[in-house]
Amino acid sequence: MLSSGAVSGYGVGVNNQPNQVLAAGGVLWRLGAAGIEVAAVYRPTPGNWSLPKGKLNAGEHLLLGACREVEEETGLSPVPQVYLTRASYQLSRPEGPVTKVVDFWSMRARNPHAAFVPNEEVTRQRWIPLAEAGTVLERPRDQQALAVFTSLPTVTASVLLLRHAPADHGFAGPDSARPLSTSGRAQVAQLTGLLALYDPAHVFSATPLRCVKTVSPLASVLNQPVNGESVFDAEEGNPERAATRVREIAVDGGGVICSQAPVIADMLAILADSDDVKLPSLRTDPGQAWALSFSGQTLVAAQRL
């Protein structure tokens, strides 16, 4: 987080491959008296300091697992920000070698002064000034994650750009009143927990009913209203204004925006082109979201969830 840079989009979800051990964690940070500090944990076996991370549960979403492991190991509630990197290395097992894969995010500590409770796996936790972290955290995979982290500007807000969940195409009424399908409602239930990890400050939606219904459960969990804004409607046809509105929301603390496929593609293209963030694709499937990371008004990273 010392110099400017951009991270291209990366799709992250459930990932199960044979002969792999999947793990995830984070560079958990806070602002201390001397600037940015990162959390390190001490494991008596193998006897060194490392970034908080751990194995995923079967079928667990990578980001959900990363946040769960970081909180379990540090006692600190993490707010995910930027996907950083994937590190892999070989493990020796009686049945043969397996590859361990670890995905890392940068994470802001929601409660940076919470008390640490030791356990069998992690006996100590400490905050390290970022300038010293590279000498304390010696593992190559931790060094890899720290290198990406230090290359980014400080993230001030996240905007989650969400396409509405699948709608009921058999509905005979007006398109604006089209409800979610049965599968769409099930997908919303899964999405809500994932999006809530980001602790969004606001919830916005295009005006079609399927968009509003996609984020209504999230708004209820957050105890916030759903703010309807027609600028995010496909019929509005003003992608430049929609992209500007995304920047305004970022400056105001970030949030979730539920919109429609053509609007999302146009907004992503405008923001990414303007701020030199490379995206492999602008495709957004129903119920899929992008995590946009901003430093002030500037987009610094975009990740497809």
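Modeller: A compact globule of 305 residues would have a radius of gyration near 19 Å, and the protein has 20 Å, which agrees; this radius is taken over C-alpha atoms, and the globule rule is 2.2 Å times the number of residues to the power 0.38. The model is predicted: local features need pLDDT of at least 70, side-chain atom pairs count only at pLDDT 80 or more, and totals for chains, interfaces and linings use all residues. Residues are numbered from 1 along each chain as its sequence is written, and side-chain values use heavy atoms, with hydrogens and water left out.

The C-alpha trace spans about 65 × 45 × 35 Å along its principal axes. The protein has seven helices and 13 strands, where helices (H or I, at least four residues) and strands (E, at least two) are DSSP runs numbered from the N terminus. Of its 305 residues, 51% count as buried; buried means under 20% relative accessible area, exposed over 50%, and partly exposed in between, with a 1.4 Å probe and protein chains only.

Buried residues of α6 are Ala242, Ala243, Arg245, Val246, Arg247, Ile249 and Ala250. An α-helix has 3.6 residues a turn, so residues three or four places apart point the same way. The cover over the buried residues of α6 includes the strands β8 (157–163), β9 (203–205), β11 (255–259), β12 (289–295) and β13 (298–304), together with the helix α7 (261–275). After α6 comes Gly253, whose phi is positive, near 110°.

Two of these covering elements lead to further points. In the loop between β8 and α4 (182–196) stands Ala165, which counts as buried because its relative accessibility is 0%. Leaving aside neighbours within four places in sequence, Ala165 has contacts (heavy atoms within 4.5 Å) with Leu180, Gly184, Gln187, Val188, Thr214, Pro286 and Gly287. In the loop between α7 and β12 lies Asp276, which has a positive phi of about 60° although it is not a glycine. Most residues other than glycine have a negative phi. Asp276 counts as partly exposed, because its relative accessibility is 48%.
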